[in-house]
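Q: Can you walk me through this model? I'd like to start with the terms and then go on to the contacts.

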Amino acid sequence: MDIQQQLKRFERRVRLMRGWKGFAIGASLAAAVALIWAVLDWANLAPASAFDLGLIVALGAIVGGVIGFLQPVPAKTLGDSIDRRAGLDNRLGTALEGNPADDAFAEPQRADAQAKLGGIRAKDLFPFRFGRPQFAAVTLSALVAAVFLLGNTPLLLSPEQKQARKEMKAESARVEKVRRENLENPKDAPGMSEEEKRLADEMRRLERELERAKMSPEEAMQKANNIANEADKLSLKANEDAQKQLATASEAMEQMKADALKQAGLPPMPSGMTEMSPEQRKNAQKENQKRQNDLKAQMAALEKRLAEIKERLKSDKLSKAERDQLEKERAALEAQKKALESELAAAKKDELTLKLSAEAQAVFEKMAKNPLYQELMKLQAKLQANADAMANGQKPTLTAEERRKMQEALEAFAREMKDQKAMEAYLKAMIEALKNAKTAGNCKSVGLGIRPTMPGIGGPSNDIWAGDNKKINKLDKGVEGGGKTFTTQVTGSKRPTGESDPYIEFKAPTMVGNRSSIPYSKVLPSYKKRAESALNRQEIPKEYQGHVKEYFKSLGQ
Amino acid sequence: MDATQQTKKFSETFQKVRTEIQKVIVGQDDVVESVLIGLACNGHVLLEGMPGLGKTLLVKSLAQSLRLDFSRIQFTPDMMPADVTGTNVLTDSRAFEFRRGPIFANLVLADEINRATPKTQSAMLEAMQERSVTVGGKRMPLAEPFLVMATQNPVEQEGTYPLPEAQLDRFLVKVLVPFPTKDELREVVRRTTGNELQEALPVAEKEDVLEMRKTLRQVQISDEVLNFALSLVVGTHPTGDGSTDVARKYARYGASPRGAQSLVSVAKAHALLGDRFNVSKEDIKRSLKSVLRHRILLNFEAEADGMTTDQVLDQVLASVEAKDRDPIRV
């Protein structure tokens with residue numbers, strides 16, 4: 001076997017060992033980064049989870065290992081290293097440089113090196129070692145774990161902090177429940193929309209932060225409110241989309257009816273005429289006939305009068321004034337006649353339509369007797385009722401089970417009716433409306449379910465649908481409020497113009513059952529800062545800026 | 001003869017001659033080896049040691065074992081160059097005839113060379129380097145093999161003329177001849193005062209020596225090892241890129257390029273003695289002191305600190321070895 005071939009096994013071993021070393025170096029570097037993050041996490045500046053920290057270290061180790069493994073191993077370098085480690089007295093390094101063609105000693109020297117190399121095991125020369133890099137990796141990883149655990153251990157917390165943490169964790173579980181039941185319910189069809197996924201991600205983030213219980217109750221409430229507002233917006237938009245899609249579906253249905261009439265050789269028909277009973281139609285026909293007769297009688301009288309005027313105008317005895325008078329009258333009568341003629345034509349058309357409407361109605365009735373049509377109409381009505389209820393801020397009328405059945409039915413229809421263009425458009429609009437109805441309902445549920453999230457206030461509602469405001473903010477167990485709510489009336493100038501406008505300010509305890517744990521003096525600077533920031537960004541109208549400044553100034557005094 | 005046979009013959013010849021010498025010389029293994037290596041490397045040897053340690057006997061035994069001509073020059077301050085090289089004398093036939101000096105031998109023992117004047121010492125220069133002697137404008141080559149083995153007495157420095165650097169550089173190795181141990185001394189006394197006097201027998205010819213030299217030149221040396229050797233040589237210099245801290249502190253002048261050549265040559269001999277076809281770093285390290293100790297000139301600070309060239313070389317070696325790391329660190 002050639003020396004180069006013999007070196008292969010050593011090369012593999014060196015790669016392996018370099019990978020091992022790279023693994024340790026990568027892990028050490030990553031652990032150093034993770035350590036900084038863990039410290040920041042302890043200081044509550046950059047939240048981290050055990051998974052995040054572990055992932056960083058693992059990724060660093062893998063990347064380091066791969067880099068180490070892929071490092072090139074030149075044969076000469078390898079030879080020199082083997083010489084040192086195996087005590088080959090530079091035989092191998094010399095052999096790898098020698099040129100047999102040039103020197104009489106080169107070939108025997110090479111053979112000598114080869115013979116010496118044969119009995120050496122790669123793992124003896126390059127053994128697995130637990131050296132400084134490995135020690136550093138283990139030490140730093142342990143340090144990361146220690147810092148993270150110390151930063152998150154409840155042992156160092158006061159009883160109040162422990163309680164707050166417990167409440168936060170309970171809130172996390174509640175947010176998770178709301179998310180799972182409303183957005184990720186496997187029984188709910190169809191699958192999650194993009195909006196729902198985004199909302200679910202945000203909720204998961206909030207859950208993690210609550211689980212870690214490292215933020216203040218106020219911050220938790222703020223975040224929950226943001227998500228709730230977002231959910232409301234998404235719900236509103238989805239419901240609007242559902243309404244639009246239902247309107248589109250209605251148009252598609254009208255088109256289907258027009259197509260049916262056309263197929264039956266009938267002209268387009270006003271909807272009122274196709275919904276009459278035989279009695280109503282008979283009466284309508286009678287009325288039409290009567291109307292025509294009246295019109296004809298009016299027309300005859302009109303023509304008689306016109307003939308008289310025409311006759312009188314032929315006479316030379318008329319004065320100019322009389323003639324002008326007659327001419328005026330004739331013109332007015334002519335116009336009236338034209339109107340009567342068109343009215344009569346319309347009546348005659350109506351007569352024909354009434355005559356044909358029975359046939360059209362028969363066509364529609366035939367359509368209406370179709371079980372498919374009946375089913376679709378029911379679905380459309382339900383969807384519409386659901387959308388209307390949502391628009392009015394009421395509980396959705398469709399349950400998840402109903403939505404699932406509707407989805408299945410619509411998809412089945414769509415498969416059957418894919419050749420009919422109008423039906424296809426109708427079903428497509430209905431399916432989209434259904435999806436949006438689901439998104440709207442779910443998002444609304446999330447918004448209402450998550451809004452009371454913060455320790456000490458509200459509590460989990462047992463309803464999946466939290467749209468009923470009467471059921472919101474109810475604790476499973478009743479809690480006696482510790483604070484007192486009182487009302488004060490304050491009269492002040494709300495407008496810069498000086499108009500006096502009294503308003504009522506409700507002053508209530510921050511939390512039901514609990515007083516605020518943060519002293520006023522501590523929160524004031526941050527609120528003041530926020531107000532200044534808002535002023536700088538010109539979010540507050542110019543005329544109110546002075547008032548805001550004065551308000552905070554007075555609070556600080 | 002193939003390479004394996006050549007190396008085998010080298011070792012055998014070396015060993016046979018050494019064994020013969022050791023019949024006469026008790027102990028002094030390193031000295032004997034250095035002298036033989038000097039012969040194999042076509043160099044000259046400078047021995048430094050007290051009188052009576054067997055230096056003359058060593059060269060004489062070497063000459064006997066190799067059937068080579070041997071001459072001994074006892075240097076004194078009144079010695080003239082012609083006493084070394086030879087001179088033209090007027091013969092009875094009223095013609096000048098060149099009478100060869102003691103330098104015309106295969107093995108020359110220059111005893112207490114530092115007692116001769118620089119003028120006489122310089123007469124040795126041409127002979128040692130050019131392997132020839134020029135007298136009266138006529139150049140006369142010396143016989144091959146030619147080895148000068150000079151001795152110096154480290155104690156009696158008064159009235160001596162230290163060898164100039166140029167001449168020191170011409171010695172392949174400088175060997176310190178140690179005082180024998182008590183056991184060795186007992187053996188020396190026993191052998192030299194008893195009835196049976198040992199004598200070295202001829203075991204090789206001058207052709208064998210020339211063959212050894214040819215073999216030695218074929219020994220392989222890798223860039224890695226050569227760089228190591230050169231780092232050591234450069235490391236003895238007080239200035240320059242490869243200079244070491246100890247050299248900067250204690251050396252006035254470092255080893256010459258001839259020092260690098262000698263280092264590799266001696267290392268090649270060690271490689272052959274180790275049954276190898278290539279030079280190793282160990283060979284270089286083993287040769288380091290004997291080859292470079294007389295090529296480094298120390299400064300006043302070294303003298304003040306009591307540093308010897310061997311100590312400086314030890315530190316140079318340590319410094320170079322510290323930088324000479326395994327290229328694969330796993």
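A: First a term: buried means under 20% relative accessible area, exposed over 50%, and partly exposed in between, with a 1.4 Å probe and protein chains only. This is a predicted model, where local features need pLDDT of at least 70, side-chain atom pairs count only at pLDDT 80 or more, and totals for chains, interfaces and linings use all residues. Residues are numbered from 1 along each chain as its sequence is written, chains are lettered from A and ligands numbered from 1 in the order in which they are written, and side-chain values use heavy atoms, with hydrogens and water left out.

Q: OK, is A:Lys320 buried or exposed?
A: A:Lys320 is exposed, at a relative accessible area of 63%. A:Lys320 forms a salt bridge with A:Asp324, with the closest N and O atoms 3.5 Å apart. A salt bridge here is a side-chain nitrogen of Lys or Arg within 4 Å of a carboxyl oxygen of Asp or Glu.

Q: Where are A:Asp324 and A:Lys320 in the chain?
A: Both sit in helix H12 (residues 320-369) of chain A; being four residues apart, they are separated by about one helical turn. Helices are DSSP runs of H or I with at least four residues, strands are E runs of at least two, and both are numbered from the N terminus. A:Asp324 is partly exposed, with a relative accessible area of 40%.

Q: What about salt bridges within chain B?
A: B:Asp111 and B:Arg72 meet in one, at 2.7 Å from N to O. B:Asp111 is in strand E5 (residues 107-111) of chain B and B:Arg72 in strand E2 (residues 70-74) of chain B, so the pair ties together parts 39 residues apart in sequence. B:Asp111 counts as buried at 9% relative accessibility, while B:Arg72 is partly exposed at 40%.

Q: Which residue does B:Arg276 pair with?
A: B:Arg276 forms a salt bridge with B:Asp283, again with the closest N and O atoms 2.7 Å apart. Both residues are buried.

Q: Last one: how many salt bridges over all chains?
A: The count comes to 49.
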